[in-house]
Structure formats: C-alpha cells, structure tokens
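Open the model in a viewer and keep the selection tool ready.

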Amino acid sequence: MLSFGKMRKRIEPVVLCAQIASAFFDTGLQMVVKERCANMTDALSPTPTEDSRQKAMSNFYMIYNMLAKFVPILPAILLAKVGDLGYRKIPIVIPLVGYLVSRVVLLLVIVMDLPIQAMFGGVVVHGLSGGFCSYWAGVMALVSLTSTEEDRSLHMMHIELVYGVAGLIGSLASGHLFQLYSVDFKQGTLLVSLSVFLYFLCLIYTTFFFLMPSFSTSAHERNETNGFVTERNSRNILNILLLFASGILYDVAVGGGMEILVTFEMKEPLNWSATQVGYGNAAGFVVFLTSFLGVMVMSRWVSDVTLIIIGMVSFAAGIYFMAFVTATYMFYLARALTLFALIPMPTIRALLSKQVNGSSYGITLISLQLSFKIASLAYTPIYTKVYQATLDWFPGFVFTLSSIITVLATIPVSMVGCRSGRADGYERILGN
C-alpha cells in the first residue's frame with residue numbers, strides 16, 4: 001500500500017485523470033461536430049447528401065488537426081529545453097493549462113450555441129501551451145529518468161497501460177454521459193463539464209502536490225557521462241536517424257488512418273450514435289492493455305526491435321481489414337487484429353533514450369514528437385483529400401494506404417536490429 005508521500009511522487013494519477021477527461025472531450029467534440037456539420041449542410045443545400053456531410057466533417061477535422069499539430073512546435077521546443085534544465089514539472093503543467101482552456105471553449109460552444117469554428121481558437125490556445133506534444137514528451141522524459149535501461153521499455157509501457165485503461169473507462173462512460181440532458185442543460189453539457197473539472201484537478205495536483213522523484217542512472221549512462229563509450233557515438237547517431245524514420249512512418253500510418261476513422265464512423269453503413277462512438281473509442285483503448293501484456297510476455301524471449309515489428313505488423317493487418325468494414329461487428333474484428341499496435345511507439349522511445357545522455361532525454365523525445373507534428377502537416381490534408389476523392393467508390397482506400405506505409409516503417413527499425421546485433425557481437429569479441 002503506497003503512502004500519500006510516495007503517491008505524490010507518481011505521475012500515474014495525472015495520466016489517469018487527464019486521459020479520462022480527454023476521452024470525455026473526444027466523444028463530446030465528435031458528436032457536436034457531427035450535429036453542427038449536418039445542420040450547416042442542411043441549411044446550405046436544399047438536397048443535402050451523406051457525402052456533403054462527410055466532407056464538411058472531414059474539412060473541419062483537417063483544419064482542427066493541422067492547428068493542433070503546427071501551433072505547438074515552437075512552444076514545445078522551449079518547454080523541452082526548460083525541462084532539460086531541471087524543471088521537469090514545467091513541460092507537464094503548462095500543457096495542462098492549455099487543455100483546460102480548450103475544453104472550456106467546447107463547453108461554451110455547447111452552452112452558448114457558439115459556432116463550431118470557435119474550437120479553432122481553443123486548439124490554438126492548447127497549441128501555444130505545448131499541447132499533447134509537450135505533455136506526453138514531458139511524462140516520458142520523467143519515466144526515462146526514473147528507470148534504468150534494462151526496464152525502461154516496460155516502464156514506458158506501464159504508463160501507456162495507465163493511459164489506455166483511463167481512455168477505456170472514459171470512452172465507455174462518455175457516450176452515455178453525452179446523452180444526459182434536461183430542460184436546463186443541453187446534450188453534452190454534463191460530459192464536457194466533467195472533462196473540464198478533471199483537467200482542473202490534474203492541474204491542481206501537478207502544480208501543488210506532485211513531488212519530483214529521484215532519478216536513476218544506468219551503468220551505460222554513467223559510462224557515457226564519463227566518456228567510456230564515445231566510440232559508439234557515430235553508431236548511436238545512425239540508430240537515432242533510423243528510429244526517427246521508422247517512428248515517423250508509423251505515426252503517419254496510424255495518425256492518418258485514425259483521423260479519418262473518426263469521420264468514417266459517422267457515415268453509412270455504420271452511422272454511429274454517441275453510445276456507439278464511446279464503445280468504438282473504448283475498443284481502441286483496449287489495445288493499450290493487450291499491447292502491455294504483449295510486452296510483458298514477449299520481452300522475455302524477443303528483442304525490442306522484434307517487439308516493434310510485431311506491433312507494426314499487427315496494426316498493418318487490422319487497418320487493412322478496416323478498409324472493408326461494412327458493419328459494426330466487422331469494425332470490432334478489425335480492432336481485434338490491432339491488439340499489439342501500441343507496442344512500437346513506447347518501445348521506439350525507450351530505444352531512443354538508450355542512445356543519449358539523461359540530460360538530453362527531454363529534447364530527444366520532444367524532437368520525435370515534433371517530427372510527428374511536422375509530418376502530420378503533410379499527411380492530414382493528403383489523407384483528407386484522398387478520403388473525399390474516394391468516398392463514392394472505395395471509402396476505405398485510405399486504410400489500405402496506412403497498411404502499406406506501416407509495412408515500409410518496419411524497414412528502418414529492422415536495420416537498427418541488424419546493426420545492434422553486429423555491434424553486440426563486436427563488443428563480445430573485444431571483451432574476450
């Protein structure tokens with residue numbers, strides 16, 4: 001049983017509470033966008049079609065997602081540098097302020113009937129505070145510093161598990177909470193109000209109660225600091241580049257596919273309600289649990305690189321199947337195939353952290369997150385326009401595209417595995 005003093009050194013309560021709040025927000029935003037876009041297209045056209053509603057939704061999300069990814073770039077770099085100077089709380093606390101403000105904006109959109117475009121202002125404020133890019137890199141930098149090289153992958157997957165369980169709980173409840181309303185409160189008011197309240201609790205806890213834990217340093221990191229492994233620098237740099245390439249390709253495949261999936265769920269033949277949206281989002285968060293169990297079991301017998309490839313193949317199979325979904329049960333079958341899809345990213349982060357000094361964790365991990373943001377500035381409009389262009393003949397085409405890109409992402413990380421294998425053999429020879 002953890003004492004309150006020890007609990008104050010754990011970041012898990014923040015991750016848990018913030019992700020439940022995020023799940024509430026995501027469902028609320030999705031349903032509000034569906035309603036407002038339908039109203040807008042119905043008002044503008046005497047004979048509105050499902051395709052016109054889909055295009056309005058996908059255009060909104062294209063602008064929203066691009067703002068969410070472009071605006072945080074500079075603030076996130078500054079926050080990462082502040083974190084690497086020793087102020088590890090800052091890259092977590094400041095984004096939480098932005099989260100709180102952006103969720104308040106959605107609440108005002110619902111309560112005061114503001115135009116849905118007001119959310120663009122909310123996402124800009126969110127971005128100026130560093131956004132998810134800074135928040136998650138800050139959390140992962142903290143985890144890296146409080147774990148050794150040997151158990152870092154497992155520790156990162158543990159945080160991902162907490163994130164996933166929280167998302168699962170929040171998503172399961174969100175659809176039901178969205179539909180609760182009365183004469184005095186509009187549909188979605190309670191759900192988004194709870195999201196705002198939970199983010200407020202996270203901000204208060206992180207600012208005033210959370211205590212920074214002591215940092216651990218592995219033998220390799222101590223040697224690196226003392227200059228005993230400088231000859232490995234060139235190998236580390238190439239490994240970092242290969243890991244970045246693999247991570248970016250995988251993020252393009254996952255990010256592009258998942259952004260379109262939000263809109264895809266709202267069209268025929270699925271055309272989900274708020275409750276079904278919540279359950280669908282929950283199915284996505286189950287993957288965090290299966291991925292964590294996969295790492296726990298398989299890490300005993302296979303390397304980190306092999307784990308990454310297994311996760312990528314799992315996603316490639318599931319997203320390819322998603323392209324042919326025509327009924328809700330098929331959606332869940334496709335999700336089931338992606339059971340290890342969350343293994344690659346935390347494992348890539350763990351491998352990256354092994355290539356650099358502890359004082360560079362923050363800037364390295366934020367650089368990875370920012371590379372995802374920059375890539376998304378290209379893939380978000382491309383995926384959106386491809387989806388709109390193929391709506392009539394094959395709306396699932398973008399998912400097959402994601403599957404192909406995922407297969408390509410396995411190539412750079414496989415090269416890291418080959419190089420590491422040769423280097424380890426060379427070190428054993430030298431040791432003998």
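Start by selecting E259 and K69, whose side chains form a salt bridge with the closest N and O atoms 1.9 Å apart. The model is a predicted one.

Colour the two residues by accessibility. E259 has a relative accessibility of 14% and K69 one of 11%. Because buried means under 20%, E259 counts as buried, and K69 does too.

Next, select E160 and R349. They form a salt bridge, and its closest N and O atoms are 3.3 Å apart. E160 belongs to helix α8 (residues 152-178) and R349 to helix α15 (residues 344-353); the two are 189 residues apart. Both E160 and R349 are buried.

Now go to R36 and D113. Their side chains meet in a salt bridge, with 3.7 Å from N to O. R36 is in helix α2 (residues 12-44), while D113 is in the loop between α5 (90-111) and α6 (118-128). This pair also links distant parts of the chain, 77 residues apart. R36 has a relative accessible area of 17% and is buried.

Salt bridges that share partners join R36, D113 and K186 into one network.

How many salt bridges does the count come to? The count comes to seven, including the bridge between E259 and K69 where the tour began.

Conventions. Residues numbered from 1 in each chain as written. Predicted model: local features only at pLDDT ≥ 70, side-chain atom pairs only at ≥ 80, totals over all residues. Heavy atoms only, no water. Salt bridge = Lys/Arg side-chain N within 4 Å of Asp/Glu carboxyl O. Helix = DSSP H or I, 4+ residues; strand = E, 2+ residues; numbered from the N terminus. Buried < 20%, exposed > 50% of the residue type's maximum accessible area, 1.4 Å probe, protein only.
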